[in-house]
Amino acid sequence: MNSFADFNLNERLLATLSKLGFEKPSPIQAESIPLLKDFDRDFIGLAPTGTGKTAAFSLPLLNNLDPKMKALQALILCPTRELALQVATQINKLGEDMGLRAAAVYGGSGYSDQLRALRSGVPIIVGTPGRLLDHLRSGNLRLDSLKALVLDEADEMISMGFQEDIETILEAIPEGQSRLWLFSATMSPEIRRIADNYLTTPARVELTQKNKVPDALQQIYYVTRESNKPDVLGKLIEDAGDFYGLIFCQTKVQVSDLTQRLVDSGYKVDCLHGDKTQEARERTLRSFRERKLQILVCTDVAARGIDVQDITHVVNYSIPRETENYVHRIGRTARNGKPGIAMSLVSPAQRQLISRCEKRTGVKMKEGVIPSNRILKEKKLAQLFLKFQTAETHPEGLERVSSVWGEAIKEMTREEIAARLLALISPDLMQATPVATPEAASDRPFGKRKFSRDDSSDRDERRPSAGRYSRGSGGSGGGYARRDRGDNAPAERTSPWRRREGAAGERSERPASKPYFRRDEGESRPPRRFDDDGDSRPRKPGAWNANAPKPAGPRKAFRKNDGARTEGDGPVKRGGAGPSLREESQQRRKFPRRSAE
């Protein structure tokens, strides 16, 4: 099918499609609408997110429902509030000229407006399973005139735990009265069981394509540390220029922290997560659709419910471990054949998740290069230059500038005038970009110096030298020598280790704080040092002193009745139950004997 006119739809519906800019049907629409427009069979449609499934079932519904009938004719189940609101809004746009409208029924909002819509006989109800089941049990939701029941994003509803609620609603429908249409991105065993139990000989359309994502979608990942992600994200947003997109995080705390960082940086940003009230969530989505917000930071709970036109970027601030969530995230951009970019920030430990996402999508992801500050400044300067070229000049403004600034700028060059104005408009553009120099590198602590891959040839010249010990500094032994700042030659050695004279590169084993004795040729080993009175040097109290006088009294009293040797025996093997020689030595060290003095 080349156009919607080939489907033989209602003329007013075709006029609405043309007014909204829908010209050519998507593949899932081209195969599904001919099977659904007659309301004569059940249906299963399998297609990835972002391929146009909403219009695939909305157009057949609007083409066959009776606008004069004041009763519920079609019921659509969605997994999230945001998706329910999106589908209801889309149906209201398409059915405006036909007099058909839809009402959204979901949890988190008041019952009064929902009860009013149910009692007024709205032909189409779009809602979440939990709240619809509440109205069904209370008798507010009547299915007597139901013609079609649509399960949108059925796999997501199953994964969110709505299987029991869905089956309860399906069992409440009179058998053979309504057509059941099931749309899903995947066919899980639970989805297959529901189809086998409740669908009767359904027609099936499965959108098979080599890639599970649109061809116009570009996927890029950036490897960075977790602590550097906020700065890297800011650089990517600045580098994009016309950034209008979504940033997905794993937790609500992470969403709140990142939103505050971006607000402090001057971006128009708001957040969307489960802790916000329904009124606040609707207000945030409305502002984002109207482009009052540039960035929306959200969790996966909103990944399937946000359908905003012309989203340029989707950022995975935290890449999900479930590849299915990754597919649904990036499906928010590159819709209706328009280009889009999906960027992912991953830490070095998460690189294996990239391979899993590539396997799931069937597309090789590209590793991006984080732009430097210099590149960002040049790009911003070029953008200001384009605005400068298209700016209008007014005679009154020229006259005011001449009267006030004429004398001041008379002696300035054109470049100086432009630089001064840019410094007023954007001071960060005029600030010098710091460049690492050997002098600056020498101020870093030893052991923390980082070298880039392209400066390995001059590492020796860039080694820290002020007050540090440098290895291999000219000596044949490769020892340590102290360098002065800015001087590569070895200075006077101040190491705690001394060199022996005449032994280049050989290190002494005696610290410099201890006296060092050198034996000349023919000289004997120096004797032990004693004090002037001939006594040995005093030891610490409690320490065993081999040079101390022997304690008075017989030694054998210490070994009384131990079955050991007697006085005058030689070094024989100890026997009996007494302490061993080693134990006796330990006892001496623990309880030293002192002289009577």
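What you see is a predicted model, where local features need pLDDT of at least 70, side-chain atom pairs count only at pLDDT 80 or more, and totals for chains, interfaces and linings use all residues. Residues are numbered from 1 along each chain as its sequence is written, and side-chain values use heavy atoms, with hydrogens and water left out.

## The chain as a whole

Let's start with the parts list: the chain has 20 helices and 18 strands. Both kinds of element are DSSP runs numbered from the N terminus, with helices being H or I over at least four residues and strands being E over at least two. Of the 597 residues, 39% are buried. Here, buried means under 20% relative accessible area, exposed means over 50%, and partly exposed is in between, using a 1.4 Å probe and protein chains only.

The accessible surface comes to about 35,800 Å², and carbon and sulfur atoms hold 48% of that. Such areas come from the Shrake-Rupley method with a 1.4 Å probe, and for residues only the protein chains shown count as cover. Now for contacts, meaning heavy atoms within 4.5 Å. Among those in the chain with a separation of 6 or more, 67% are between residues 24 or more positions apart.

## A seven-stranded sheet

Look for an open sheet of seven strands, which follow the order β10-β11-β9-β12-β13-β8-β14 with parallel pairing. Strands β10 (269-272) and β14 (366-367) are at the edges with a single partner strand each, so one side of each has no neighbour in the sheet. Two strands count as paired if DSSP finds at least two bridges between them.

Within this sheet, β8 (residues 217-223) and β13 (residues 340-346) run parallel and share seven bridges. Ile220 has Met343 in β13 as its bridge partner. Helix α10 (residues 229-240) lies across β8, β9 (245-248), β11 (295-298), β12 (313-316) and β13, and its direction makes an angle of about 160° with β13. For such angles, axes are lines fitted to C-alpha atoms, for helices over the stretch in contact, and angles run from 0 to 180 degrees between N-to-C directions.

Helix α6 (residues 129-138) has Pro129, Arg131, Leu132, Leu133 and His135 as its buried residues. Their cover includes β2 (74-77), β3 (102-105), α5 (111-119), β4 (124-127), α7 (154-159) and α8. Just past α6, Gly139 has a positive phi of about 85°.

Pro174 is in the loop between α8 (163-171) and β6 (179-184). At 37% relative accessibility, Pro174 is partly exposed.

## Salt bridges

The whole structure has 19 salt bridges, each being a side-chain nitrogen of Lys or Arg within 4 Å of a carboxyl oxygen of Asp or Glu. Here are three of them.

| Pair | N to O distance |
|---|---|
| Glu82 and Arg281 | 2.4 Å |
| Glu206 and Arg204 | 3.5 Å |
| Lys410 and Glu407 | 3.4 Å |

Glu82 and Arg281 are both buried. Their bridge links distant parts of the chain, with Glu82 in helix α4 (residues 81-94) and Arg281 in helix α12 (residues 278-289), 199 residues apart. Glu206 is partly exposed at 42% relative accessibility, and Arg204 is partly exposed at 43%. Lys410 and Glu407 are both exposed.

## A nonpolar patch

Finally, have a look at the surface patch made by Val401, Val404, Trp405, Leu421, Leu424 and Ile425, which is nonpolar and has about 620 Å² of accessible area together. Helices α16 (395-409) and α17 (414-425) are the elements that give two or more residues to the patch. Patches take residues with over 30% relative accessible area and no salt bridge, joining like charges within 9 Å and nonpolar side chains (Val, Leu, Ile, Met, Phe, Trp, Tyr) within 5 Å. Val401 belongs to helix α16 and is partly exposed, with a relative accessible area of 38%.
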